[in-house]
Amino acid sequence: VGSHLDSVRAGGRYDGALGVCAGFAVAEHAPVAVIAFADEEGARFNTPTFGSRALAGVLDPAALERRDDDGVRLADAMAAAGVDPDGVAEAPAWLGRLRGFLELHVDQTPDLERFAVVRALAARMRVQADLHGRADHAGTTRRHERSDALLRAAILIVAAHQRATED
């Protein structure tokens with residue numbers, strides 16, 4: 001049982017941390033492992049689900065080279081916090097003993113009456129797209145001769161929205 005200790009920016013004080021605290025409360029009454037994931041939200045280094053991917057042994061070691069807004073490398077931040085980044089991308093030997101994972105998690109929303117038991121999660125994915133265009137004079141370049149990167153971005157955004165909202 002457990003959750004994560006980080007939060008999205010302005011995510012609220014209970015985002016994740018409540019699940020870790022609740023895990024320790026459960027552990028007082030049952031023989032369970034309490035897991036506190038780090039950097040699940042990816043707010044500082046843009047590495048969402050870092051802790052759970054590390055636990056599962058599917059973390060790409062290249063993630064340790066990511067830098068925050070101040071230029072601090074993730075591996076260096078881990079070392080400064082007393083965590084050895086070597087081997088973090090390998091699943092721990094005890095992983096096979098886990099039978100499942102239960103998380104109490106509060107997603108702070110103004111619509112709290114939509115409370116529900118979640119049985120599965122949508123996978124998070126971040127993508128980078130490089131869109132190229134060419135600067136032209138709006139008055140003298142015919143529309144069909146233009147190569148507008150902003151138009152390409154708009155088309156991409158609309159297509160992504162349509163795909164995400166398909167039933």
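Which pattern does the protein follow, read along the sequence? The order is β-α-β-α-α-α, made up of four helices and two strands. Helices (H or I, at least four residues) and strands (E, at least two) are DSSP runs numbered from the N terminus.

This is a predicted model, in which local features need pLDDT of at least 70 and side-chain atom pairs count only at pLDDT 80 or more, while totals for chains, interfaces and linings use all residues. Residues are numbered from 1 along each chain as its sequence is written, and side-chain values use heavy atoms, with hydrogens and water left out.

Accessible areas come from the Shrake-Rupley method with a 1.4 Å probe, and for residues only the protein chains shown count as cover. Buried means under 20% relative accessible area, exposed over 50%, and partly exposed in between. Contact means heavy atoms within 4.5 Å.

| Property of the protein | Value |
|---|---|
| Buried share of the 167 residues | 23% |
| Accessible surface | about 12600 Å² |
| Share of that surface on carbon and sulfur atoms | 56% |
| Share joining residues at least 24 apart, among contacts between residues at least 6 apart in sequence | 53% |

Leaving aside neighbours within four places in sequence, A75 is in contact with L64 and P85.

V32 lies in the loop between α1 (17-27) and β2 (35-37). Its relative accessible area is 36%, so V32 is partly exposed. Not counting residues up to four places away in sequence, V32 touches V1, V26 and A27. V32 and V1 are 31 residues apart in sequence and 6.9 Å apart in space, C-alpha to C-alpha.

Methods:
Buried means under 20% relative accessible area, exposed over 50%, partly exposed in between (1.4 Å probe, protein chains only).
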